[in-house]
Amino acid sequence: MSEQIAVRIPDTLAESLEELVAEGRYETKAEAVRSALEAMVESERRRRIGDLIVEGYRRLPQDDEEAEATIAAAIRSIHEEPW
């Protein structure tokens, strides 16, 4: 199921949208708008997750021992990379 939404946009934005389609970046204006909306929703989802992580650390901050273990694990993982 899908929903159709009518939206008015400024002429300059409409022209930019047309350019994206003309350049072949998107097949249609609708596809470009959908892509932009998906990116915005994903960005907002990641922001909310980040806020929840910060909130968790504020409620239960790491102590020095945990921080040292985290740093040691990060260093080990870097050394294990095959580069």
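A residue is called buried when its relative accessible area is under 20%, exposed when that area is over 50%, and partly exposed in between, using a 1.4 Å probe and protein chains only. By this scale Ser2, at 67% relative accessibility, counts as exposed. The structure is a predicted model, in which local features need pLDDT of at least 70 and side-chain atom pairs count only at pLDDT 80 or more, while totals for chains, interfaces and linings use all residues. Residues are numbered from 1 along each chain as its sequence is written, and side-chain values use heavy atoms, with hydrogens and water left out.

Overall architecture comes first. The protein chain has three helices and zero strands, and from the N terminus on its elements run α-α-α. With a radius of gyration of 22 Å, well over the 12 Å that the globule rule gives for 83 residues, the protein chain is more spread out than a compact globule. Here the radius of gyration is taken over C-alpha atoms, and the globule rule is 2.2 Å times the number of residues to the power 0.38. Along its principal axes, the C-alpha trace spans about 55 × 35 × 30 Å. Helices are DSSP runs of H or I with at least four residues, strands are runs of E with at least two, and both are numbered from the N terminus.

Of the 83 residues in the protein chain, buried residues make up 4%. The accessible surface comes to about 8000 Å², and 55% of it belongs to carbon and sulfur atoms. Such areas come from the Shrake-Rupley method with a 1.4 Å probe, and for residues only the protein chains shown count as cover.

The C-alpha atoms of Ser2 and Leu13, 11 residues apart along the chain, are separated by 24 Å. Ile5 counts as exposed, at 62% relative accessibility. Patches are made of residues with over 30% relative accessible area and no salt bridge, with like charges joined within 9 Å and nonpolar side chains (Val, Leu, Ile, Met, Phe, Trp, Tyr) within 5 Å.

In the protein chain, the mean positions of the 11 positive and 20 negative charges are 5 Å apart. Lys and Arg count as positive and Asp and Glu as negative, whereas His and the chain ends are not counted. The place of a charge is taken as NZ of Lys, CZ of Arg, CG of Asp or CD of Glu. On the surface, a patch of negative charge gathers Asp63, Asp64, Glu65, Glu66 and Glu68. Of these residues, Glu65 lies in helix α3 (residues 64–80) and counts as exposed, at 66% relative accessibility.

Salt bridges were searched for across the whole structure, and five were found. The criterion is a side-chain nitrogen of Lys or Arg within 4 Å of a carboxyl oxygen of Asp or Glu. Glu42, Arg45 and Arg46 are linked in a network of such bridges. Glu42 and Arg45 are three residues apart in helix α2 (residues 29–59), so about one helical turn separates them. Arg46 and Glu42, being four residues apart in helix α2, are likewise separated by about one helical turn. Glu42 is partly exposed, with a relative accessible area of 29%, and Arg45 is partly exposed at 36%, while Arg46 counts as exposed at 56%.

A further salt bridge joins Arg47 and Glu44, with the closest N and O atoms 2.4 Å apart. Arg47 and Glu44 are three residues apart in helix α2, so they too are separated by about one helical turn. Arg47 is partly exposed, with a relative accessible area of 40%, and Glu44 is partly exposed with 33%.
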